[in-house]
Each structure stands twice: as C-alpha cells, then as structure tokens.
Amino acid sequence: MIDTTTLFGKYQLCRELGRGRSGTVYLAKHVDLEEYRAIKQVPKSCADYGQFRKEALILKSIRHPGIPIVYDLEDTADYSYMILEFLEGDSLYALVSDMGHFSKAMTVRYGIQICHLVNILHSARPNPILYLDLQPKNLLVCHDVVKLIDFDHSVHLDEAEKLTKRYGTVGCAAPEQYTGDVLDERTDIYAIGAVLYYMLTGAYPEGPVDAAAAQPGNRPVTGFPKGLVDRSMARVIRTCLQQEKSKRYQTVEALEQALVQAGGQTERGRRSVWGSSQISSLTIAVAGSGSGVGTTHIAMELTAYLRKRGLSAMYEEKNRTGAVRQLASCVKAGTDRCGICRVKGIPMLPHYGDAVRLEPHPYRIVVQDYGCDRQTWLSEAADGHLLVCGGKPWEWETTRDAVSDPGIHPGQAVIYNLFCRQLCDRLPGPARGTDCFLMPYCSNPLSLTREAEQVCDGILLSLTGEKTGGVLRNLFGRAGVLASRIFRGKPGGP
C-alpha cells in the first residue's frame, strides 16, 4: 500500500490501473517532464519477486512500439518499482465486453498484429522469449494498434524446461502448461488461437482445466457458435488449439500467413467489398438537407460499418450539437490525449472548436459529420461527399433545395433516409453522375442490420469511384423495384 502521493520526488500518483498476481500497477505523472508513466509495484516479500527482475531485463532487451519501454527500477524498504511507458488504450477484454464480439475482419486485423508482436519475442537473439500468458486482458488496442503488456510470466526459451511453477489464464493456457511437458513457441501459438476464438465469439474455448484433462485425447476444444465463425477462421483456430504441439502451427509466421489467407476469403453470404489494404486514407464529409433528417445517425452507421470491415475509421463531429459528449457521458467514456472517446469500440472526436489544439490522431479513415451546415460542407475538400436527405412528405422542400443546389459536389452520393413513396413525384432527378440510395431503419447506428450494411457497401463503392451514372440504388428487399423507377424519365435521371 502506498502512503504518499509522490514517489521518489518526481512521480505524482494519479490512480490505480490494475492488480495482478504479483503486484499493482499505478498511473503516475512525471512532475518535471509532464508525461505519464505506468508504475508497477511489487512487494519484496512476494514469492515470485525474482521474476520481477527478469521481467525488467526481458523488457529492456526489446525495442518495439507495441511493447512498453522500461525507464527505470526503484526500491524502498518493502517494495520494488518498475517505471514503464504508459500505453493508453482499451484491452481486448474490455472491447469485447463492450461490443459482444468482433467481426471476422476486425479479428483478422488484430490477430495479425498479435502474431507480429509474439514473433518479435520468438525471434529474439541469442535466446528466444516465450510470453506464456497471452490473454485478452494483456493486449491493449491503442488507436487500432495492438500492444502487449504484463510480461511477468515471460521467460527465455532455455529456462522454460526448468520452471518449477507454471501459470496461465484458464481458457487461454495450453495443455502443456498444466502438465510437466516442455514449453516452447507452440505454447504461445495455442494462446493466440484462444484469443482469436474469444474475439470472434465473446467467450473462451472450453479446454483443459487441470492436468488430467490436458492429456491427449481428453476434453477437446468445443465447436463454434453458429454464424459467428466461418470455415476458414475455424480451420485456423482449430489448428492453433490442438492439444498435441506437433499438430499446431509450428511457427508464428505460419499462423500469420494462415490468417492473411483466411482474411482474404469471402464471408459466408456476403461479397467481399473492402479489405484493409485497399484504402490508404479516406475522408468522407456528411451533411444533411436539414435538421432532424438523420445525418449524425448515418455518419455513425458508416463509421461502424467501416470498422466492422477491419478498417481504421473514426467519427469526427464537425457540428455544434454536442451529440458525442452526450453519448460519451451516457456510457461514461473518457477521452485520450487526442481528445477521442470510444463508444462501443467506435472512436469519436467531439467538436472542440477552433481554439483547441489536440495531438494528431492516427486514423486513416475519417467520417466527418457537418450536421445541417451544408455551406461549410460544400467548402470542404474531402475524398467523398454524402448528402443525407429527409424521406418524409413534410421534408420534401428542403430535400428538393439540397439536391438542386448548384454548388453541389460533382459525383457526390445522396441518401434518402426512411424514404416515403409519396415523395417520388415531387423530387427533381439527381444530377448526372450522382448515385442515390435508400437507407432502411436501423435503431442502433453502432450495430448495423444486414440491410443497412448492404446499403453501406454501395455507398462506399460509389464514393470511392465505382459510379452507377445517377441510378437510384437500393440494396435491400422489395423496395429495390420501386427504387429503380423513382427518377425514370426525369431530367438528369437515368
């Protein structure tokens, strides 16, 4: 227990970050440098105190952005302290708890990064490092970059067979961690498979829970929840979770390659439209024909859709409604050093005003919500412009004015939100080169329906260059027949 608010005359304690088997981690601020640090406190009376020093030496030997830097070691009469780089982000455990489970694309994106980090350890020379406790709570997602923390179980490969005590997390620990079998790189590969299973399903695979169950042929890993895991991913995960090490992937590189191949395969029942390598950067500016037409709803839907496709996307509030702050307050979401809060795993940047200067964010894709400020929206240079129009009879005048605006962006896309057939005859035809879409009702913009996702497929294809020449497109249900006829024969229409 710490009885002072400042350690060693320079670290001002802020709060407790977490507790583990051997110690406690605190957030502290360096009073001179004005930078945050993570401080791990371990009592010298701890039975595994010797491992604390080994952890520091292991971390000191690795230099990688995904692994925390060790700045210093300090001691008092009763405790030892490790001063670490503070990594800001949410654990995979917290994200899955918030979202339920990840999509295949998100799982592949994060899984490849996890493989890369573990491969850094396994490739250490002259002596490879085994992590030995890979689990969702030890993996942080910082602005869509996965980082690995808590190395208190890690050992060098040549020390693995000498371990008298073995630890791990139930659901992630390999069978050999329950027995006296030798530990090696394939022990970490088993844990990667368990983490992949967790990301896709929101639960741990049922595996061995004691030495007897860990024997070959006993308690095989259960199947996968129907509809959550396709065949390609199930094949990868089953190979990782084989009880016999010889049947798993033999190297992390082999597992990473299998994930890349699985990620490139089409998900069941859907066409594969997006891949993380297809878009280097993209800014989509969204505005509405008037207030209350659902501009913010649509902009958040697009952001959630892009992230589900495994892309590094962020929602940016460019209006003064304060919707993001209200939403963040509702779910008690704080902000990071870039001013970004996360709601259901979606990064959102509130509107701070021109006077506020924030650190640059790393997101490659940004969906900007201008609300009903079409004048500012028209003046912004973006890769794609999306106009959201009201679809009800009482909104037809503002919709007509917005669609007919002479300053409208060439090639922009138009969404008629919750379209009403009574509006058809009153609307002007869209400008040539403009794609129009009908958006179905989706009660939660951060959890899209299948129909809404299909419309988003078409919108993003349109905004990134695959134009349909002014055809009003609808990718769901019977309304598609009506949609193809709405502007038939009108000036500027198809």
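This is a predicted model: local features need pLDDT of at least 70, side-chain atom pairs count only at pLDDT 80 or more; totals for chains, interfaces and linings use all residues.
Helices, in the sense used here, are DSSP runs of at least four residues, and strands are runs of at least two, both numbered from the N terminus.

Strand E4 (residues 35-43) pairs with strand E6 (residues 79-85) in the antiparallel sense over seven bridges, and Arg 37 has Glu 85 in E6 as its bridge partner.

Ser 154 is found in the loop between strand E10 (145-148) and strand E11 (155-156). Because buried means under 20% relative accessible area, Ser 154, at 1% relative accessibility, counts as buried. The side chain of Ser 154 reaches the backbone oxygen of Tyr 131 at 3.4 Å, and among the residues that Ser 154 touches are Gln 51, Ile 58 and Ile 129.

Another part of the model concerns two packed helices, H8 and H12, whose axes are 10 Å apart at an angle of about 90°; that makes H8 roughly perpendicular to H12. By class, their contact has seven nonpolar, no polar and four charged residues. The table lists the residues that meet.

| Helix | Span | Residues in the contact |
|---|---|---|
| H8 | residues 295-308 | Glu 301, Leu 302, Tyr 305, Leu 306, Lys 308 |
| H12 | residues 450-463 | Ala 452, Glu 453, Cys 456, Asp 457, Ile 459, Leu 460 |

Notes. Residues are numbered from 1 along each chain as its sequence is written. Side-chain values use heavy atoms; hydrogens and water are left out. Two strands pair if DSSP finds at least two bridges between them. Buried means under 20% relative accessible area, exposed over 50%, partly exposed in between (1.4 Å probe, protein chains only). A polar contact is a pair of N or O atoms within 3.5 Å; within protein, one must be able to donate a hydrogen and the other to accept it, and residues adjacent in sequence count only if both atoms are side-chain atoms. Contact means heavy atoms within 4.5 Å. Axes are lines fitted to C-alpha atoms, for helices over the stretch in contact, and angles run from 0 to 180 degrees between N-to-C directions. Angles under 35 degrees count as roughly parallel, over 145 as roughly antiparallel, 65 to 115 as roughly perpendicular and the rest as oblique. Ala, Val, Leu, Ile, Met, Phe, Trp, Tyr, Cys and Pro count as nonpolar, Asp, Glu, Lys and Arg as charged, and the others, Gly among them, as polar. Lists of a residue's contacts leave out its neighbours within four places in sequence.
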